[in-house]
Amino acid sequence: MFNTAVVIQSIVSGLLMGGIFALFGVGFSLTWGVMKVINIAHAAFGILAAYIAYWGLVLYGVDPILSLIVSLPVLFFAGLLIHRFLIQPITRSKDIVVASMILTFGLAIILENLMLVAWTSDERLITTSYSSKAIFIGEIIIRVSSLLAFCVSILGIAAIYLFLHKTRTGKAVRATWQDPEGAALQGIKLTRVSMIAFGLALASAGAGGVAMAYMYSFNPPAHNLWLIYLFLVVIVGGVGSIIGSALAGLIIGLITGLSGAFFPQQWINVLLFGLLIVILLIKPEGLFKS
Amino acid sequence: MGKKSSFFLIGLALLAIFPLIRPPAYFLSFLFKMFLFIILAESWTLIGGFAGYLSFGHVAFFGIGAYTSSVLFQHFSLSPFIGALPAGGVAALVALIIGYPCLRLKGPYFAVITLCFAFVVDLIVKNWAFLGGSEGIHLKLVQMDIQSSRSIFYEIFLGLVAVTLLYVRRVQHSKFGMGLASIREDEEVAQTLTINTAAVKIKAFIMSAFFPGVAGGIYAYYISYIHPDIVFDINISILIVLMAVFGGGKSWAGPLLGAALLTVVNELLSLFVRPEIARVIYGAMFMGVIIFMPDGMVAFFSRRRRA
């Protein structure tokens, strides 16, 4: 039963999956860290982008990656609007974290059910012309679509990292995050910076959702399960940490991949939830923060 | 006896004699559902409203209760009407075990861990053959005509509503309740005031699990077939939070009002629109409440009256 090839195969697939978890979780971590908003609807927006990609492919033969040209700006602007009209009214409440959770819970319910009305609960799978193709390295099989989704994720995370570290707006986001009052004293407009960060986070949710859809079949209620992956990424990696999210994604992917080789499928989620509970109890600030 | 208490008693008495006029079973079922949500929202508010620890996994205690009484009925022929008490006990015990570590977490972390807890319990039950796995458990039906059995379940739940309400109201005005309120306002200050916050929180959590456990134990017998997707449905957790927040979680009257009102809204919606649209409206209400009346309806309107 202990087969080296199987183990290496699980590690490779796990890491590919992990990169996708990381992109999917990074924006979730960003909004939580910067503006203390836990966006429960993050995964639902990922599913929305996955549907845009799916229908683009099925109806017009557009490659899912190309569909991002449409879905990312749409989600970015949706993010600006949501921040302006839904998040800003609650920023003055005493406990914004909890208020934002309840608010975005509502948003997620709305989104899930609108998608159910529009596209039913049938499970969809993105099947492209290259879905069945794979690269063989010795005994290891790497699916082309997984590799592609992984590359999108790496590019996405790199783009967010560069934005936060190299651009003025990005630096303003980070300053706000570290010290909101100090940043305001420097003339940074907090609401504007938060709006942009929120839009960016939703766009990253879209990219992550499409990448997820390369690996998993999805339907509107699937966002509940995907949400748990998001919490795992953020809590393992530490709230608001980009590098932490990236590493956490890889670790979670690795665990999922490896446990898939040894446990029956239905126990993997129990294992992941259990892991999340244990980490919350022993180190709620994340594994990568001292 | 104050005016409020007499209103309470008269309302209770009227509801108690309601089955005697032999109304259509539909109304009994509808009120039964309302009672269920009042019990759940009231007990949730002990920890979620009074102490400000938002539990998003409260459905787990309801489900644990349902499974406990079902197993006792199936394997030991213990009537669920009696089995409901050990069902509440098991739910309370689970709350003690998970509450001890989890209540050290604050704010969103507590919300997340309770949500995960509910998912884990659901997944474990689904994969546990002894509990029927994903097949669920069929219970023997009550040997009675539907009108009488509905009336009996109705009266039992009405009694449980009364007990829960009285308990939650008493807690609110007790030293225990003050302790919870001080934890909600500022836990560190509460500690410096020599309030044993850990003990107060766990007591509230245990009691807030006990009533849903009892209700779940009876509910299992009522629907006579239980399945993880029914009794661990995460939407119930969300609904409980919504109802309590909608009415206002800081006082006993809030969840009562929220649960009663939202059950009526839910029933009306289910008559006129399809379930998905009903849930869209629910989601919008969630958002409306948190934006326009973050302290709930009771606080919103009593502030209006004073202003």
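Q: Where does B:Ser77 lie?
A: B:Ser77 sits in the loop between α3 (59–76) and α4 (80–102) of chain B. This is a predicted model.

Q: Which loop holds B:Thr194, and what is its phi?
A: B:Thr194 is in the loop between α8 (187–192) and α9 (197–223) of chain B. Its phi is near 55°, a positive value in a residue other than glycine.

Q: How do you know whether B:Thr194 is buried or exposed?
A: Count the C-beta atoms within 10 Å: there are 7 others. The limit for exposed is 12 or fewer. B:Thr194 is therefore exposed.

Q: Why does B:Ile230 count as partly exposed?
A: Buried needs 20 or more neighbours, and exposed needs 12 or fewer. B:Ile230 has 15 C-beta neighbours inside 10 Å, so it falls in between. This residue belongs to helix α10 (residues 228–231) of chain B.

Q: What separates the C-alpha atoms of B:Ile230 and B:Ala220?
A: The separation is 10.0 Å. Along the chain, B:Ile230 and B:Ala220 are 10 residues apart.

Q: What makes β1 and β2 of chain A a pair?
A: Pairing requires at least two bridges. Strand β1 (residues 134–137) and strand β2 (residues 140–143) of chain A have 4 bridges, in the antiparallel sense. One of the links joins A:Ala134 to its bridge partner A:Arg143 in β2(A).

Q: How many residues lie between β1(A) and β2(A) in the hairpin?
A: There are 2 residues between the strands. A:Gly138, in the turn, has a positive phi of about 60°.

Q: Which residues of helix α6 of chain A are buried?
A: In α6 (residues 168–178), the buried residues are A:Ala172, A:Val173 and A:Thr176.

Q: What do the buried residues of α6(A) pack against?
A: Their partners in chain A are α1 (4–35), α5 (144–166), α7 (180–185) and α8 (190–215).

Q: How many helices and strands does each chain have?
A: Chain A has 11 helices and 2 strands. Along its sequence the pattern is α-α-α-α-β-β-α-α-α-α-α-α-α. Chain B has 14 helices and 2 strands.

Q: Why does the radius of gyration of chain A agree with a compact globule?
A: For 290 residues, a compact globule would have a radius near 19 Å. Chain A has 19 Å, so the two agree. Its C-alpha trace spans about 60 × 45 × 35 Å along the principal axes. Of its residues, 50% count as buried.

Q: Why does chain B agree with a compact globule?
A: With 307 residues, the globule value is near 19 Å, and chain B has 19 Å, so it agrees. Its C-alpha atoms fill a box of roughly 55 × 40 × 40 Å along the principal axes. Buried residues make up 50% of chain B.

Q: What share of the contacts in chain A with a separation of 6 or more comes from residues 24 or more positions apart?
A: In chain A the share is 80%. The corresponding figure in chain B is 79%.

Q: Which element of chain A has the lowest mean pLDDT, and which the highest?
A: Helix α11 (residues 265–282) has the lowest, 82, and helix α2 (residues 42–60) the highest, 95. For chain A the mean is 88, and 99% of its residues reach 70 or more.

Conventions: Residues are numbered from 1 along each chain as its sequence is written. Chains are lettered from A and ligands numbered from 1 in the order in which they are written. This is a predicted model: local features need pLDDT of at least 70, side-chain atom pairs count only at pLDDT 80 or more; totals for chains, interfaces and linings use all residues. Two residues are in contact if their C-beta atoms, placed from the backbone, lie within 7 Å. The radius of gyration is taken over C-alpha atoms; the globule rule is 2.2 Å times the number of residues to the power 0.38. pLDDT is the predictor's confidence in each residue, from 0 to 100.
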